[in-house]
Every structure is written in structure tokens, then in C-alpha cells.
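I jot things down as I look them up.

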Amino acid sequence: MMLMDMADHPVLFIPGPTEVDDELRQIMAMPLLGHRDPKFVATVQDVCQKLKPLFLTEQHVAFETCAGTALMEASMRNLVARGSCTLHLVGGAFGKRWSKISSACGRAPEVMEMPMGQAHSPEALAQRLQNGAQPDVVCITHNETSTGVIQPLQALSAVVHEHAPDALILVDVVTSLAGAELRFDAWGLDYAFAGTQKCLALPPGLGVYAVSNRALARAEKIEERGFLLDLPKAIKDTNDGKTLATPCVPLVYALQRQLDRIANEGMENRWQRHLDLQSRTFAWAESKGFRPFVGDAGARSPTVSCIDAGGQDVEALAKQAAAAGFKMDKGYGDLKGKAFRIGHMGDHTMARLESLLNAL
């Protein structure tokens, strides 16, 4: 089987996995090192420390060699007693996935669903928490990848703290971490997770997460938390540099370097760069007669722009992009062929985005 000529690889403007810079690819070509080697133990400890400013937290952070979906499941196993209520704010495919995982783990999910393309209202959440049974956790998909909607997370978190103070706030930040404003401690979040293949601009393979003090205390009282993703044990062992299972060693080294690069750029600068890419993408779309799928400008994702195709041929547009050396998305789930997405997350620059838009 022939290996792909890297000169021929399409530049990825899909909502993940994202384009990986050459410097990071070179790191992953390193000779392999044993995961119990003292050098690697020190690297794991260093990565854990460098994850804290990524989440803007002084509480608990760690990583695991797993997909983001595994960290969804870990939240149910660790933070909710069997049979207890989990409240899910759903507005797309990945919010639905979390509620399905809750059910599969023997918990009792309740769904508050918004039509695709609309964000949740803090007022509606307040009404639900005032008038309904108190959930053990409230699960929020910060940035719904399938529709390009970002939720008013700070406001939603404040509502939960006011009307259900004992409920933990669990957040899927898969396509917002390192791409959109996220303040774990300041916003009072309890659990947040992401994968490396989105705004961190690395290959898939690692899941990173943050856990609050009160969430960790809750987990210690939950029985049957599982083995690999037993959060109290995993957080302690990983921060000590002693991962329970063999991690993806080269990817951990690439993550270490990427966290340094992000720190050098500055979180607020990185957030603004993503907003600038979003603004340029929608300006291009509207100049060509397309409309944003998300009507409310304040609810549009900074990391993935979902554009209503207006009946135009999405397949032809994707082929045009491919002919110019780019890969774009043709719509997810119910939106396939009806809308297209441009994922401008990670390390994309304005110049690279302009090359795509010129090709289209």
C-alpha cells in the first residue's frame, strides 16, 4: 500500500480533525520513548501544569488517550449516581449524543431541546430549574459543531448556580477550548473536556479535561466509576506523571509544544483571531448570496461557520475546493447538502483562509 504524498494532502477546513502545522508533525516523528521513562514522566507532569491556563483554572486538570466521547461517558460514570436526573441542553447532534450516553449508563436524562441554529435562553433554563425537579448535573454543549451555534455559557452557568446550586455544570468544549472564550473558574464550571483534534490543531488521540473541587468531591462518593476513567484516581496519577495505561507518547510531546505555542500567542489573542476568521468567512458568504445558518449573530461560533446553501449544489462547491487543494464540509446529519461548514479553528491564519475563499 502506497503512503500518501504529503505534498498532495488537502488543507483541512473541516470542523475536525483540523490542519496540523509542520512543526508539530515533526515532533510526532520522534523515536519512541517508554512511558515510564523519567523524561516522559516529567513531560506528563509538565503538560498537566500547562493545561491549567488553557482552561483558565487553578483546580484539577488531566488528559487521557481517548476520544472526547469517552470523557462524556466518564462524566456520567463519575459525577451522577445511577438513576439520577441529568439535564441536557440540546441544539444539535452532539448534545443529543450526551443524553444518549446518560441513558446508556443507567442515568435518567431529561432534554431541553432548541431548534437547530438557535442558542438556549438563560430565561428558559431558569424557568425549568424553578418549576421542575432538580437535576444532579446540567450538561451543556458550549459550541455545537453540527450547527455552528455557540451557547451563552457564562449566563447559563450563572442561572444554574442561582436556581440549582447543588447541580454540577458539565460542559462539552470540544470545539471551543483554545478557540472561543472559556473561563472555567470565573464562570463556575465543574467539568469540561475536549479532544486534541479541534482547536488544539493536533491529530485525534488525546482528551483533555478540567474538574472542579466540588465535582471531584462528588466523584469520590459515586460507586462503580469505571477503571481507566476513574476521575479521582486518574487526576492524581496523571498529575504525578504516572498514567494508568500507555498513552500516545509522541502526541503528548506535540501537545506539550502546542501548549507553549498557545501561551506565546496569548489566549485572548487566539480567541480574537478565531473571531476575525469567522467575520471574514461570513462576509465572503454574504457577498456570494449565501446566508448564515445561525440567524443570531451573537450565537455564531467563532470556530466553525455553518452557511445555508440556499439550494445551491454543495457537492459541486466541495469539489471546487478539493480541486484547489482544500477540504471543506458538506453539512452534518440533517443539514447534509442543505448547509456547508467551514472549520477555521486551530492554527489557521487569515492568509490561509483567503486562499480557500479565493478558490471558492
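I went to alanine 178, which sits in the loop between strand E8 (168-172) and strand E9 (191-195); helices (H or I, at least four residues) and strands (E, at least two) are DSSP runs, numbered from the N terminus. Alanine 178 has a positive phi of about 75 degrees, though it is not a glycine. Buried or exposed, I wondered about alanine 178? It is buried, at a relative accessible area of 1% (buried is under 20%, exposed over 50%, partly exposed in between, with a 1.4 Å probe and protein chains only).

Before going on, I noted that this is a predicted model, where local features need pLDDT of at least 70 and side-chain atom pairs pLDDT 80 or more, while totals for chains, interfaces and linings use all residues. Numbering starts from 1 along each chain as its sequence is written, and side-chain values use heavy atoms, without hydrogens and water.

Next I checked glutamate 224, in the loop between helix H7 (213-219) and helix H8 (231-239). Its phi is positive too, near 55 degrees, but glutamate 224 is exposed, with a relative accessible area of 59%.

Then I found a cis peptide bond between glycine 16 and proline 17, omega about 0 degrees. Proline 17 lies in the loop between strand E1 (11-12) and helix H1 (22-27). I reminded myself that most peptide bonds are trans.

Last, I looked at which residues H5 brings to H6. Pro122, Leu125, Ala126, Leu129 and Gln130 of H5 meet Ala155, Leu156, Val159, Val160 and His163 of H6 (contact means heavy atoms within 4.5 Å).
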